[in-house]
Amino acid sequence: MTLPAPLPDAAEKARVVEAMFDRIAPRYGLINHLMTGGLDVVWRRRAVIELRLPRGALVADLACGTGQLSRALGRAGYRTIGVDSSAGMLARLRGADQVVRADILDLPFAAASIDGAASGFALRNVVDIGRCVAEMARVVRPGGRVAILDLAEPRPATHWIQSTWIEGVVPRLGALLSDGEAYRYLPASTAYLPDGDGLVGMFRDAGFVDTRRILLGFGTVQLLVGTRA
Ligand SMILES: C[S@@+](CC[C@H](N)C(=O)[O-])C[C@H]1O[C@@H](n2cnc3c(N)ncnc32)[C@H](O)[C@@H]1O
């Protein structure tokens with residue numbers, strides 16, 4: 001895959017991503033709300049709804065950042081473990097019942113030890129997406145559920161939203177309020193994601209059934225859901 005600037009290749013990606021999230025942590029939540037017009041809250045709530053687990057179920061928020069998804073999971077009655085590699089993001093985390101600093105490619109959980117996993121806008125940041133999905137499949141018990149949100153690659157019908165808002169306004173807003181380089185990377189990094197069928201196939205191959213891909217936000221955001229076989 002040839003990556004356009006400002007995307008690091010696999011060898012540097014883990015280091016660059018961790019340093020970047022440490023830098024943008026102080027204003028991460030604010031900019032998220034501004035750049036989505038508050039819709040990020042709605043999308044996380046939809047991910048929580050799609051988990052469809054019983055109240056009290058133990059759910060890991062993978063790459064939890066400052067805990068926006070953890071808090072939504074908690075409000076739905078789930079017990080939460082937040083996992084993230086960025087010390088800067090974890091220093092600002094609120095709302096997870098337990099917290100672990102770890103790489104989500106190497107989860108510090110036993111096999112089949114949790115009821116579900118959720119993640120918000122993190123999948124495209126890992127070095128190996130297939131391995132990340134395989135780790136989810138390892139730690140989620142049979143019958144458990146996953147709900148994974150991320151940006152989506154532009155489709156012809158929605159390309160104008162992506163090019164004017166996500167690639168035009170977001171980097172300028174990021175530069176003004178936080179870190180211009182990071183907010184050029186974040187929209188551009190959808191290039192690391194396989195296409196929709198490829199992503200659904202990864203979840204199926206890892207051992208998830210009833211796998212569905214739901215498009216949100218005029219197709220700019222995707223939600224992958226599945227049940228562990
Ligand atoms: C765009 S933020 C999303 C934060 C949060 N999930 C949300 O919904 O707002 C991406 C997060 O992924 C974390 N991250 C990226 N790669 C990771 C990895 N390999 N292991 C653990 N965390 C990772 C970053 O530190 C950052 O907090």
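This tour moves through a predicted model, from the whole chain to single residues.

**The whole chain**

Along the principal axes, the C-alpha trace spans about 45 × 35 × 35 Å.

Next, colour the residues by accessibility: 54% of the 229 residues count as buried. With a surface displayed, the chain exposes about 10000 Å², and carbon and sulfur atoms supply 55% of that area. Among contacts with a separation of 6 or more, 68% are between residues 24 or more positions apart. For the charges, select the 27 positive and 23 negative side chains; the centres of these two sets lie 7 Å apart.

**Helix α2 and Asn-32**

Select residues 28-36, which form helix α2, and locate Asn-32 within this helix. Is Asn-32 buried or exposed? Its relative accessibility is 4%, so Asn-32 counts as buried, the cut-off being under 20%. Display the side chains of Asn-32 and Tyr-28, which are joined by a polar contact of 2.8 Å. Beyond the neighbours within four places in sequence, Asn-32 is in contact with Asp-40, Arg-44 and Gln-68.

**Helix α4 and Ser-70**

Proceed to helix α4, residues 68-75, and select Ser-70. This serine counts as buried because its relative accessibility is 0%. Which residues does Ser-70 touch once the neighbours within four places in sequence are set aside? They are Asp-61, Cys-64, Thr-80, Gly-95 and Ala-96.

**Strand β5 and Val-140**

Now select strand β5, residues 140-151, in which Val-140 lies. Val-140 has a relative accessible area of 1% and is therefore buried. Show the residues around Val-140: leaving aside neighbours within four places in sequence, its contacts include Ala-112, Ile-114, Asp-115, Gly-116 and Ala-117. Arg-145, Val-146 and Arg-228 are also in contact with Val-140. A C-alpha to C-alpha distance drawn from Val-140 to Gly-226 reads 11 Å, although these residues are 86 apart in sequence.

**Helix α9 and its cover**

Select helix α9, residues 196-206, and highlight the buried residues Gly-196, Leu-199, Val-200, Gly-201 and Phe-203. Which elements cover the buried residues of α9? The cover includes α6 (129-139), β5, β6 (208-216) and β7 (221-228). Just after α9, select Gly-207, which takes a positive phi of about 115 degrees.

The final stops concern backbone torsions. Most residues other than glycine have a negative phi. Look for Ala-112 in the loop between β3 (98-101) and β4 (114-120). Ala-112 is partly exposed, with a relative accessibility of 40%, and is among the contacts of Val-140 visited above.

Finish at Phe-218, in the loop between β6 and β7. The phi of Phe-218 is also positive, near 55 degrees. Is the residue Phe-218 buried or exposed? Its relative accessible area is 65%, so Phe-218 is exposed.

Terms used: Residues numbered from 1 in each chain as written. Predicted model: local features only at pLDDT ≥ 70, side-chain atom pairs only at ≥ 80, totals over all residues. Heavy atoms only, no water. Helix = DSSP H or I, 4+ residues; strand = E, 2+ residues; numbered from the N terminus. Buried < 20%, exposed > 50% of the residue type's maximum accessible area, 1.4 Å probe, protein only. Polar contact = N/O pair within 3.5 Å; in protein donor to acceptor, adjacent residues only side chain to side chain. Contact = heavy atoms within 4.5 Å. Areas by Shrake-Rupley, 256 points an atom, 1.4 Å probe, with all protein chains shown as cover. Lys, Arg positive; Asp, Glu negative; His and termini not counted. Charge placed at Lys NZ, Arg CZ, Asp CG, Glu CD.
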